[in-house]
Every structure is written in structure tokens, then in C-alpha cells.
Amino acid sequence: MRDNDFKTSCHHMSTCALTGASAFFDAIPGSFMLINGPLWCYFYAMKYVEDYDASALRRFHCTQPEGNALVYGTEKDLLAGLDFVKANFTPERIFILNNCSVSLVGDDIAGIAAKAELPCPVYAADCGGIAGDFAEGYEIALLRVIAEVKKNANGKRDLADVSEANSKKAVEAKESGNLTPEAIDCKPSVNLLGLSPTYFRGEEDIKEIRRILETAGYRINAIPGGGSAWNEIMQLPKADLNLVLRDELALKAAKELQAAFGTPYLSVGMPYGIQGTLRWLDTINATLPAKNREAIRQEAETVNTRLQFRSSNMQSLWGPLWFDNILIAAPPSEAAGIAEAVRDEWADTGNLVIHFTQDTALRPQAATKICIAGKDDGAMKETFENWSGGLVMGSSLEASRLVRLKKPFVNCNIVLPAYHEIIATDSPLCGIRGAAYLFERIWNAKLSGCMDEVKSTR
């Protein structure tokens, strides 16, 4: 692993590639993860996934190769691990994930697995930390599954023919008298790429994005890594358009699907804020029109009216929603989208700094300053050392660092790890429901700061 990757994984909210791949495969129902490596890597990946999926412990196992395995290979330990899985579990498929050191051995994992005579398919992936961080591991896993999609696929889609095909389908259904929902369903279909339940509010965000798109008139074809079953993922080529929600997780996969099946893709990022969500939907609609976009617009106006009313009431008591400084530290899609929503829709600030946790070409206009973990660590250090108070939107890592420096701040968690609060509700961060949730949390952060000031004057 490059030194910058190591620092990013250990200090800037990311994790190793083994964890990213494990998170992707775990999100496929019926899957079992066999970590071909030491217990440390197994516990690290399994515990990360288990934080959102309580059943993860029952779907992970570790081969624990002995010391000589790095010289003579892991066949003995791997076969023992596969025998244990066969004797104690009934998975629909098994994913063997090599850690850093085992990835260097070069074992024929498929050949070894064949000797185990398992009753289910077995797939292998080299995705140890040597490959990079969470995003790169997720990408490796997604591309590995797409390789299986390509083996099972039988045709390409062309977006230019979508409208004509849908219209023809509807006419034929009416003429034949076949008016079943399946026959007359002419909704444009999309795949959602780059989503994961392991992100902060990840499962809730997936539900909100799906709700918005389906209300607008789209059909969700598949969400690989976001809860779709294996047979649904194998139908990826049937979608009219691939929507890339996080470039660092799925842009390469979208290009692979376009090359293999002709499916166009659109990089749209994550939708944050009321206006941000409407712009996000308009971008999708401009490429692939849907029939019920107005329903989302009406919902957005209703929620926005309520938020503005609440804001006016609070401003009459506590003044405008102002922070001297705002720091947003998160992966690219989250950081960029939330920054635009915060500054354009809700809060005023003199200085908005973004700390991207992965390298990105995104340069949101809302930002006063942008730093990228692993590249601008000196500038990131200055952000904390020169901090004079304000709103921090990030993880417990940023909060704990400012606490150690004895700097004043108010906090709003938007990414993991989040050690100093518990959230048990089902509110997302993104979309229209997420806009209300973030608006509420930002205002409450300000009010918490106001109350601290009142206490200090007594």
C-alpha cells in the first residue's frame, strides 16, 4: 500500500480494500465471505460490516493461514476453511477474499476451491489493503461481479431506442388485450451504482433515493452492493441507464458496462438539500425522461415551506443560522453535495472548508478551501490548528481532534466513525427527507452552541 493510502485508511475515515470488498459482497443476500488471511484482517472487515448488518458474524469465516503459507501457499488452510463452511453453513455462493500478504502468494484460488467440491458457486478476489482503501476494494468487488454478468449476458441496450421501444410495447399490449402490469410497464429503468449500506445512514439513503426515483416514474433495475439479489445483479444490462452515485466506487464499473453492453451512464452524485435534490432529478430527467417528476417537485415545495417556517421562528429567537467557520470532511459525493446544500439553502458562513477523504476532480463553488486526504495533509493540519470555532460536519475523528486541541466547535456527524452519539431513527441524509433531517441537525448544533454561551455568562 502506498504511504498516502495507509495514512488515508488509518487517519481519514477510510478503511482497507478488503473491507470495501467485504461490504460489497455482504450486501448480496445469500452470500458468504471467506477471508483468506489472518484473524486481524478478518475481524477488521467483519466488525466494520457488522456495525450495520447484525448477521455478518454468521456469514464470515477466516482461514488463518499458518506462517509457512506465504512460502508454500494457502491451499491446505483454504481447503480447511471451505470444509468448515460446507459442514456448518448453506450459502448460495462463497466469496474468497485474499488479504494483502496472501494476495502476493499467487495461489490458484479457483482451482483450490474446485477440489473442495462445494454445492454452491465460489468466486475469488484479491482485495487486500495493498490494493488501496475502501473505495478501491468496493470497486474491485463490483468489477468482479460484472465479470460474471458478462458471462451471462445476451445483448446490448441503446438509450436512443428506449422511448420508441416503450411506446411500441404499450401499443402491442393494448392491441393484444394483455393489460397486465408487466406487459404495459413502460417506465424507464435505471441501475444505481456506488451505493452501500455501510456508509453513514447508507441503508436509509438507498431507500430515499429509490423512493424519489420510483415516485418520479423510474423503475429500479438493480443496486449492486446496495441490497440487490444475485439474480437481479445479473440483469444489469437490461437497464436503460446507469446512474453513478459515487464516482470513486462505481465510475470505472459504469464505463465497463457501457463498453460491454452499450448501456449509457450518468455521473450524478448524491442528492442533498431540497433544491439540490430537484437539480439532481432534473439532470437525470434531461437524459432519461420520466412521467411523474412533478410529484417530487410538489413534495419538495411542501417540505421546503415547512422548513422555512421553522427557520423563521428560530431566527426570531436566536438570530440567523450563521457559523464563523464550517468544516465538511467526507467522501467526495457527500462532501460536495452537502457543502452546496448547506451554503446555498440553509446556513451562512464566512469560511467553508472541505476535506475530501478520497482524491476527486470535484470542486464545489460553495467551498472557500478544499483539501484532499493524502495530498494536502499539511493544509488539513492547519485547518484544525487555526480553527476558531464553528460547525464541524464529519466524523468522530474530526471532533476528537478538535477536543484534543481544545478548540470550540459544534458538531453534526455525517460520516463514520460516529462514536459519541447514537442514532436509532430511519432518517436519511440525502433527498427530501434527508434535507429535513440535516436542516434539523444543523439548527440543533447552533442551538447547542447558543446554550453553551448562555451557560458561560452565568
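**Figure 1. Secondary structure of the chain in the predicted model.** The chain of this predicted model contains 19 helices and 15 strands. Of its 458 residues, 53% are buried. Among contacts with a separation of 6 or more, 72% join residues 24 or more positions apart. A search of the whole structure returns 19 salt bridges.

**Figure 2. The open sheet of 5 strands, ordered β13-β12-β10-β14-β15.** Pairing in this sheet is parallel. The edge positions are taken by β13 and β15; each has a single partner strand, so one side of each has no neighbour in the sheet. From one strand to the next, the twist averages 15°. Strands β10 and β12 run parallel and are paired over 5 bridges. Within this pair, Ile 326 has Leu 352 of β12 as its bridge partner. Helix α18 packs on the sheet and touches β10, β14 and β15. The direction of α18 makes about 140° with that of β14.

Figure 3. Strand β14 spans residues 391-394 and is covered on both faces. In a regular strand, side chains alternate between the two faces of the sheet. Leu 391 and Met 393 lie on one side of β14, Val 392 and Gly 394 on the other, and all of these are buried. With β10 (residues 326-330), strand β14 pairs in the parallel sense over 3 bridges. Here Ile 328 stands opposite Met 393 of β14. With β15 (residues 410-413), strand β14 also pairs in the parallel sense, over 4 bridges. Here Leu 391 stands opposite Val 410 of β15.

**Figure 4. The open sheet of 4 strands, ordered β2-β1-β3-β4.** The strands of this sheet pair in the parallel sense. Strands β2 (60-62) and β4 (122-126) stand at the edges with a single partner strand each, so one side of each is left without a neighbour in the sheet. The average twist from one strand to the next is 20°. Strand β3 (residues 93-98) runs parallel to β4, and 5 bridges join the two. In this pairing, Ile 94 stands opposite Val 122 of β4. Helix α3 (residues 39-50) packs on the sheet, where it touches β1 (31-36) and β2. The direction of α3 makes about 170° with that of β2.

**Figure 5. Packing of helices α11 and α15.** Two packed helices are described by the angle between their axes and the distance between the axes. For α11 (residues 202-216) and α15 (residues 293-318), the angle is about 125° and the axes are 6 Å apart. The two helices are therefore oblique to each other. On the α11 side, the contact is made by Arg 211, Ile 212, Thr 215 and Ala 216. On the α15 side, Arg 293, Ala 295, Ile 296 and Glu 299 take part.

Figure 6. Side chains of opposite charge can pair when their charged atoms come close. Asp 26, Asp 53 and Arg 59 are linked in a network of salt bridges. For Arg 59 and Asp 53, the closest N and O atoms are 2.9 Å apart. Arg 59 and Asp 53 are both buried.

**Figure 7. A salt bridge between two loops.** Asp 359 and Lys 375 form a salt bridge through their side chains, at 2.5 Å from N to O. Asp 359 lies in the loop between β12 (352-356) and β13 (369-372), and Lys 375 in the loop between β13 and α17 (377-385), so the pair ties together parts that are 16 residues apart in sequence. Asp 359 has a relative accessibility of 45% and counts as partly exposed. Lys 375, at 57% relative accessibility, counts as exposed because the cut-off for exposed is over 50%.

**Figure 8. The salt bridge of Arg 433 and Asp 426.** The closest N and O atoms of this salt bridge, formed by Arg 433 and Asp 426, are 3.5 Å apart. Arg 433 is partly exposed, with a relative accessibility of 35%. Asp 426 is exposed, with a relative accessibility of 53%.

Definitions and conventions: Residues are numbered from 1 along each chain as its sequence is written. This is a predicted model: local features need pLDDT of at least 70, side-chain atom pairs count only at pLDDT 80 or more; totals for chains, interfaces and linings use all residues. Side-chain values use heavy atoms; hydrogens and water are left out. A salt bridge is a side-chain nitrogen of Lys or Arg within 4 Å of a carboxyl oxygen of Asp or Glu. Buried means under 20% relative accessible area, exposed over 50%, partly exposed in between (1.4 Å probe, protein chains only). Two strands pair if DSSP finds at least two bridges between them. Axes are lines fitted to C-alpha atoms, for helices over the stretch in contact, and angles run from 0 to 180 degrees between N-to-C directions. Angles under 35 degrees count as roughly parallel, over 145 as roughly antiparallel, 65 to 115 as roughly perpendicular and the rest as oblique. Contact means heavy atoms within 4.5 Å.
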